[in-house]
Structure formats: structure tokens, C-alpha cells
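Good morning, and thank you for coming. Today I should like to walk through one structure, beginning with a helix and ending with the spaces inside the protein.

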Amino acid sequence: MSACTPSARITRSLLGYGVLAGPLYVVVALVQAALRPGFDLLHDDVSLLANGAWGWVQVLNFVVTGACVAAFAVGAARALAGRPAGTWAPRLLALYAVGLIAAGIFVADPMNGFPAGAPAGRPETISVHGLLHIAAAGVGFIGLVAACFVMARRFASERRRAWVAFSIITGVVFLVAFAAIASGSSSAVVVVGFWAALLLAWSWMAAVAIDLYRQA
């Protein structure tokens with residue numbers, strides 16, 4: 001077995017952020033959901049946590065997580081250079097990273113009574129930063145879904161059927177869950193379903209990062 005070169009060590013370090021990103025995002029979001037008065041995890045979108053006195057925590061969560069995904073995208077580009085999916089998978093992951101960072105910069109409008117003093121339902125008009133938040137999330141999520149399908153094609157070329165299924169299922173489930181949450185519904189089924197899809201997507205990213213790490 002050949003020794004790990006400096007270039008390979010850098011690649012592996014960057015790929016490690018693909019494992020770190022999901023747990024970081026989920027843990028920080030869940031801690032806030034548990035501690036911030038008035039936030040209902042079963043009905044409220046996690047983006048609402050970017051509002052209020054402690055909103056900077058979720059803003060930072062979006063930005064730091066996005067930076068982690070961006071680092072992973074660079075690592076994936078290095079690991080996949082000259083191989084199937086080596087061009088588009090990293091680009092689409094980078095698009096997801098940009099979406100996360102932009103979603104932190106452009107804060108979602110308060111609604112559903114959160115934070116205290118916000119309208120009981122959805123706002124009558126959406127602010128510019130609220131629209132940009134929605135657009136950033138949409139573009140980022142589409143990038144993630146597309147990355148799943150691009151990686152599925154790569155795994156198919158390698159005849160790795162389990163990975164193909166994992167990637168396709170993740171992409172389809174996340175796309176459906178995103179469409180449901182984008183409809184504006186705040187029902188527990190839709191919100192919890194989106195959380196489940198998000199956990200699946202983060203798990204897929206971590207698994208891909210580990211797979212590429214082993215090959216680096």
C-alpha cells in the first residue's frame with residue numbers, strides 16, 4: 001500500500017467536511033428549537049430561527065454549514081478529477097453550499113407567531129430578503145438533488161447498485177419533501193417529513209464523503 005501523499009491528505013481533509021456539515025447543522029438547529037420560546041419544531045420552518053435576538057446563531061449555522069459543504073465540494077472535485085461525475089457533482093454541491101450561505105445572509109420573514117410579536121399566520125407581503133431567502137433555498141436544494149442523480153449515474157457506471165439506489169432514493173425523497181414544504185404548508189406531516197428528508201440527505205452526503213475518502 002502506497003504512502004498517503006500531501007495532496008491526498010489535503011483531499012481527505014476537505015472530504016471530512018462532508019461528514020461534519022450535517023451533524024453540525026442538525027445539532028445547532030435542534031438545540032435552538034428546544035431552547036427558544038415559541039418555536040414549534042412540528043410546525044415551524046427552521047429558517048425562522050434566524051429571526052429575533054438570537055437569530056444570529058441560525059444565520060451563523062447556515063453560513064458555517066455552507067462553508068463546510070463548499071470545502072467538501074472542493075475535496076470531491078479533487079477526488080473525482082478525471083473520473084465520472086468529476087465535473088458536475090462538485091459544481092452542484094458547491095451550488096448547494098452557496099444556497100446555504102445565501103439563506104443565512106437573507107433572513108426569512110417572521111411568521112406563525114415566531115418570534116414573539118410576529119403574525120399568527122403567514123405575512124401578507126413577503127419582503128425582499130424573504131424572497132431572496134426562498135430563492136437561495138430553492139436553488140441550493142435543486143443543486144443537492146441534482147448532485148444525487150449525477151452521483152447515481154457514476155455509481156451505475158461502477159455497477160454499485162446499492163449506491164445507485166441510495167442516491168436516487170435520496171434525490172427523489174428530498175425533492176418531494178422540498179416541494180411539500182415550499183407549498184407553504186405548516187402541517188406536522190410536511191414539516192416532520194422535510195426533517196426526515198433532510199436527515200437522509202445529510203446521511204447521503206456523509207456516506208459519499210467517506211466513500212471518496214477511502215479512495216483518495
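Predicted model: local features only at pLDDT ≥ 70, side-chain atom pairs only at ≥ 80, totals over all residues.

Let us start with helix H1, which covers residues 6-35.

Which residues of H1 are buried? Among them are Leu-14, Leu-15, Gly-18, Ala-21, Gly-22, Tyr-25 and Val-26. As a general point, an α-helix has 3.6 residues a turn, so residues three or four places apart point the same way. The buried residues of H1 also include Ala-29, Gln-32 and Ala-33. What covers the buried residues of this helix includes helix H2, residues 55-79, and H6.

Between H1 and H2 there is a loop, and Asn-51 is found in it. Is Asn-51 buried or exposed? Its relative accessibility is 10%, and because buried means under 20%, Asn-51 counts as buried. Leaving aside neighbours within four places in sequence, Asn-51 is in contact with Arg-36, Val-107, Ala-108, Asp-109, Pro-110 and Pro-115.

I turn now to the spaces. The largest pocket holds about 680 Å³ of space. It is lined by 36 residues, of which the closest to its centre are Asp-45, Ser-47, His-133, Ile-134 and Ile-181. Which of the elements gives the most to the lining? That is H4, with 8 residues. By class, the pocket lining divides into 21 nonpolar, 11 polar and 4 charged residues.

Finally, the count of cavities of 30 Å³ or more comes to 1. About 60 Å³ of space lies in the largest cavity. Its lining consists of Asp-44, Asp-45, Val-46, Ile-181, Val-191, Phe-194, Trp-195 and Leu-198. Helix H6, residues 188-215, gives the most to this lining, with 4 residues. In terms of class, the cavity lining has 6 nonpolar, no polar and 2 charged residues.

Thank you for your attention.

Definitions and conventions:
Residues numbered from 1 in each chain as written. Heavy atoms only, no water. 1 Å grid on protein atoms, 1.4 Å probe; cavity = no way out; pocket = protein on both sides within 12 Å on 5 of 7 lines; lining within 4 Å. Points joined across faces, edges and corners; volume = space filled by probe spheres on them. Helix = DSSP H or I, 4+ residues; strand = E, 2+ residues; numbered from the N terminus. Nonpolar A, V, L, I, M, F, W, Y, C, P; charged D, E, K, R; others polar. Expected span 1.5 Å × (residues − 1). Buried < 20%, exposed > 50% of the residue type's maximum accessible area, 1.4 Å probe, protein only. Contact = heavy atoms within 4.5 Å.
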